[in-house]
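Hello,

I am handing over the structure we spoke about. Please look at it first; my notes follow below.

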Amino acid sequence: KSPKCKCSLQSGRCVRALRRCPRLDPGALGVRPTARRWASSDAPKITTHYSIHPRDQDPRWEGTEMERFADQADVVVVGAGPAGLSAAIRLKQLALAEEREVRVCVVEKASQIGAHTLSGACLEPSALNELLPDWKERGAPLHTPVTEDIFSILTEKHRIPVPMLPGLPMNNHGNYIVRLGNLVRWLGEQAEELGVELYPGYAAAEVLFHEDGSVKGIATNDVGIAKDGSPKDTFERGMELHAQVTLFGEGCHGHLAKQLYRHFNLRQNCEPQTYAIGLKEVWVVRPEKWRPGRVEHSVGWPLNRNTYGGSFLYHLNEGEPLVALGFVVGLDYSNPYLSPFREFQRWKHHPFVAPTLEGGERIGYGARALNEGGVQSIPELTFPGGILIGCSPGFMNVPKIKGTHTAMKSGMLAAEAVFPRLAVLEEDSAPSAGLHVPEYAESLKASWVWKELHAVRNIRPSFHNYLGLYGGMVYTGIFYWILRGKEPWTLKHCGLDSDQLKPAKECTPIEYPRPDGKLSFDLLSSVALSGTNHEGDQPAHLTLRDDSVPVERNLAIYDGPEQRFCPAGVYEYVPTDDGAGMRLQINAQNCVHCKTCDIKDPSQNINWVVPEGSGGPAYNGM
């Protein structure tokens, strides 16, 4: 039986008792120790977050109570996404089968389960079939089996159809078109029925460690900090959640995963991760344009052959004529003038796409980064006290554009590896070291997840050739469709996405058409559809290691690419008060938590940290 604590989460009081613990080392939040040496006293102050300006050096924090309450669970899961919820459900299933009491707590930064979830999504149901074989009887929101597959190469005015042969990665026979946020919410309901404790609205802000260096658990975010970094009268410390083992399923480019990579050197034997940004809209279309079950994908225009990306358009069958459409751009692009958002908007004007949308109404918008590195970029998955699951380490099958099934399976395998290792703790006792469970990595590499990812490992990096898109498609046809990925070599990626931008002077500016307000739209009206909201009086969670770098380097060399790669209008360069120059303005309240800025910033000066819990988008079944 798990030990009791000063304040039990089950009582509900503890979640509100967010206070008191030792002061944080800024390095724990991903800030390099050298960051302060960069600082320029002449630069306007932008960042006020305590990860950059430590509170123990700020006289305004003198006398503030910093102790935190703690609670003990058997397993803590960070992130209530497909991987985290699958792990929690599987743990409880195993405990029920052996009539054991295992306490599983899941913390989630979104205000509601599923509210930060965004994906296409075309779901391969293999993992769901394993986890909950009776999902149909349980009412899982899988309403739209795929009935038609269309793949195209687009030119500016025309479409070249590509036959969707059996065995190609984009073949979706047997899959379902879903609104992933709805599926995640349903998984949350299944978890709660089994006794999993879900805590939406509480962001995991810090990794905690035992004296031996193993992971002890996590701490939730502090609340009640003013925009200038000072404590409000309502300031309360976050709470510590301790566990025998902590599962980190934060999703792509997780805030805590970044800390763990450095602390345990988890990326020493893999390639750097490479990413893409996916932008999505949901439309209600005219009934005569609605084809429930149709799946459409395209590559080509408006991107050039050397920019990886493509589109999707899925026709849902959920009682009204809904379509989900989106655009994905690889973040290894080189032209700093490229705007993924505006590429998405002009794609909708293509003669093959526009007729579906004309006369319809856009009702949803969002964006999220996604992993594209494949097996080459998967880090070490286990370390003392913790495990990485889901899209945090990156199990996405890139040519399929699917990662939900592999994320869910990774969570299930983690649960199956962890469960036999859990000790039965005595009342009021707590472990002095975190469990190391290397069996998880072993079982994952022996599973269909690894086999699937290994077979497609070379498809994404094969696009790095003179012919770009077309060379990659030829490679896919020969080495995947014919040889099923059995070639005796593994191609490499090109390095960090942040290193791929060329100086602006070497690139041609891209002239984008003005949005017409019918098919294409401006950025701010789009963000409004995401339901994004943050407490205004808090330090910006988009922190800068050095406030002078944006103007002196990013603007001077790359013409301020953050104002174009951000899909939410968070970053903009505005004149200084005296009109003598420009400064970076961060509109943190717009942030949709996509993490693109943290990934693509050419100076690697932006460090995304969690805002106060519940902040961010409020997606409705995205």
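Which strands and which helix each supply at least two residues of the lining of the largest pocket? In this predicted model, they are strand 17 (294–300), strand 18 (309–315) and helix 12 (469–482). Helix 12 accounts for the largest share, six residues.

The largest pocket holds about 610 Å³ of space. It is lined by 35 residues, and those closest to its centre are Phe151, Met170, Val299, Phe463 and Met473. By class, the lining of the largest pocket has 22 nonpolar, eleven polar and two charged residues.

The second largest pocket has a volume of about 520 Å³. Among its 21 lining residues, His253, Arg262, Arg267, Leu496 and Gln604 lie closest to the centre. Here the lining divides into seven nonpolar, six polar and eight charged residues.

As for cavities, the search found seven of 30 Å³ or more in the whole structure. The second largest cavity has a volume of about 160 Å³. Of the 15 residues lining this cavity, His49, Tyr50, Asp222, Val610 and Pro611 are closest to its centre.

Strand 10 (residues 204–209) is largely enclosed by the rest of the structure, because five of its six residues are buried. Strand 10 runs antiparallel to strand 11 (residues 215–220), and five bridges join the two. Leucine 208 stands opposite glycine 217 in strand 11. Five residues lie between the two strands of the hairpin, and glycine 213 in the turn has a positive phi of about 95°.

Regards

Technical notes: Residues numbered from 1 in each chain as written. Predicted model: local features only at pLDDT ≥ 70, side-chain atom pairs only at ≥ 80, totals over all residues. Heavy atoms only, no water. 1 Å grid on protein atoms, 1.4 Å probe; cavity = no way out; pocket = protein on both sides within 12 Å on 5 of 7 lines; lining within 4 Å. Points joined across faces, edges and corners; volume = space filled by probe spheres on them. Buried < 20%, exposed > 50% of the residue type's maximum accessible area, 1.4 Å probe, protein only. Helix = DSSP H or I, 4+ residues; strand = E, 2+ residues; numbered from the N terminus. Pairing = 2+ DSSP bridges. Nonpolar A, V, L, I, M, F, W, Y, C, P; charged D, E, K, R; others polar.
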